[in-house]
Amino acid sequence: MSEPYDYDLIVVGAGGAGLAAAISAAQDGARVLLLESEAEVGGSTQLSAGLLTAAGTGVQEALGIEDSPARMFQHYMDLNQWRVLPGPVRMFCEESSTIVDWVTDLGVEIPAQISHSAHMPGLSRAGVEDVWRGHVPKDQGYGLVQALEKARARLGVDLALGSRVDDILVRDGEVAGVVIEDTEITAPSVVVASGGLAANPGLVERYFPETSVAGDALFVVAAPGSRGDHIGIAERHGLSLFGDGWGLLLVTAEFQRYHHWQSGFPPPSRIHVNTDGRRCMDEDAPYAVSPGILKDHGGWVWSVFDERARTALPEGYADWAPDRITEEVDKGVVRRAETLDELAGLIGVPAENLTASVERFNELFQDGCDEDFLRHETLAGKGADAHLDPIGSGPFYAVRMLPAELVCTHTGLQIDAHTRVVRTDGRAVPGLFAAGEAAGGILGERYVGGGNSVAHALVLGRVAGRNGARRAAEITQRQMEGAEA
């Protein structure tokens with residue numbers, strides 16, 4: 001293509017990944033167009049806690065935590081049984097070391113202090129990390145997106161809301177722009193950052209069938225723009241996909257319909273038992289691994305608690321509130337009985353097993369040491385006391401816990417270590433990059449650490465924007481040299 005391009009780089013999607021790509025490219029002097037299908041920027045990142053998993057950061061160093069990208073890489077790969085792509089994962093881990101400084105330079109606040117939850121700014125133990133890597137920004141994902149959006153405007157990146165891309169434009173095997181409603185907008189580099197596919201039921205059924213376990217209890221907390229547009233692009237242009245069957249499901253009660261910010265939290269004094277009536281897990285196991293534990297027990301477990309736990313629930317939440325539990329009892333979703341033996345009959349488990357499990361639970365948590373499943377360590381990481389009230393004040397309650405909250409999906413355009421999208425023959429498509437959930441190869445079956453997806457979005461977006469801008473600059477230079485010749 002010899003005529004001038006409309007832009008140096010076009011970014012498809014203005015969530016965390018797209019904003020990062022646009023900002024990164026603009027910082028390198030590129031002319032950038034950012035396209036967003038919805039009426040506002042932010043995507044799923046804006047709905048998140050904004051947590052970033054990162055290694056070898058200044059925040060860690062200030063708190064005396066020794067870490068490195070190499071250590072993060074080993075942990076990440078081992079946890080995923082080396083089924084993700086080593087080259088892209090190594091890049092992700094290495095680039096994570098500077099992403100915290102990059103966002104703080106843009107105005108995001110991540111103080112060097114210990115945080116005991118994903119809602120308290122600082123450094124948190126988040127998930128199944130070998131060291132603390134969860135960097136929590138002030139004002140959650142909303143604050144993170146607001147800082148990115150201000151940087152986007154300050155750098156002069158053009159933004160078009162309500163602009164859903166129909167396809168990418170390819171000429172002579174190289175990317176040449178995008179198509180929107182039969183209109184071509186040209187650029188030598190395109191970053192696909194259109195999000196995942198969680199908001200498209202048909203694609204969810206096809207690429208993440210594990211969600212079927214939850215049945216009618218399944219609900220989606222991803223942004224509405226997560227329609228899987230990258231899947232159609234892959235099919236039309238012979239692009240490789242990676243991550244089929246993977247995604248992130250959170251374990252929730254059968255009656256929940258909202259993320260825990262709105263739904264509230266189950267009572268601390270609760271025990272999870274399998275269909276044999278035996279306790280089978282740490283009730284606060286990280287969401288990275290809890291769905292896998294449930295899979296080993298038939299896909300779901302019973303959560304059992306008592307009247308004291310129910311009445312101690314705080315008011316004002318949509319799901320986990322005292323009156324809501326009573327309503328769900330009336331519907332038959334939550335089971336209630338005056339004795340544990342009677343409750344065992346209602347949920348179809350051996351009464352002697354349930355009684356023995358509750359007695360063992362009470363014994364362990366009276367001393368604050370769960371030698372069976374080490375839940376006291378999980379509670380300590382949250383800054384919570386492991387001396388829990390006994391389960392013994394009838395009536396007793398039981399509700400099924402299911403992997404029912406669909407957060408994100410991991411089937412994306414396969415990328416290499418430079419975020420370039422590869423074809424089904426393994427060759428990179430010149431000028432085409434991907435970031436966030438639209439990129440496949442790094443997010444695996446096991447969700448590594450709280451903040452995996454947000455860090456993944458920002459890191460890949462930053463790298464893709466930088467590499468896309470460099471490609472555009474090289475093409476412009478060649479065109480100038482050709483004109484002079």
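## Cysteines

A search of the whole structure, which is a predicted model, finds zero disulfides, a disulfide being a pair of cysteine sulfur atoms within 2.5 Å. Cys 93 is in no disulfide, and the nearest cysteine sulfur, that of Cys 408, is 17 Å away. Cys 93 is buried, at a relative accessible area of 0%; buried means under 20% relative accessible area, exposed over 50%, and partly exposed in between, with a 1.4 Å probe and protein chains only.

For Cys 280, the closest cysteine sulfur is in Cys 369, and the 19 Å between the two sulfurs is too far for a bond. Cys 280 is also buried, with a relative accessible area of 10%.

## Cis peptide bond

The peptide bond from Gly 394 to Pro 395 is cis, and its omega is near 5°. Pro 395 lies in the loop between α15 (375-381) and β18 (396-409). Helices (H or I, at least four residues) and strands (E, at least two) are DSSP runs, numbered from the N terminus.

Trp 82, a residue other than glycine, has a positive phi, near 60°. Trp 82 is in the loop between α4 (69-79) and α5 (86-105), and is partly exposed at 42% relative accessibility.

Asp 182 also has a positive phi without being glycine, with a value near 70°. The loop that holds Asp 182 runs between β9 (174-180) and β10 (183-186). Asp 182 counts as exposed, at 77% relative accessibility.

## Basis of the values

Residues are numbered from 1 along each chain as its sequence is written, and side-chain values use heavy atoms, with hydrogens and water left out. In this predicted model, local features need pLDDT of at least 70 and side-chain atom pairs count only at pLDDT 80 or more, while totals for chains, interfaces and linings use all residues.
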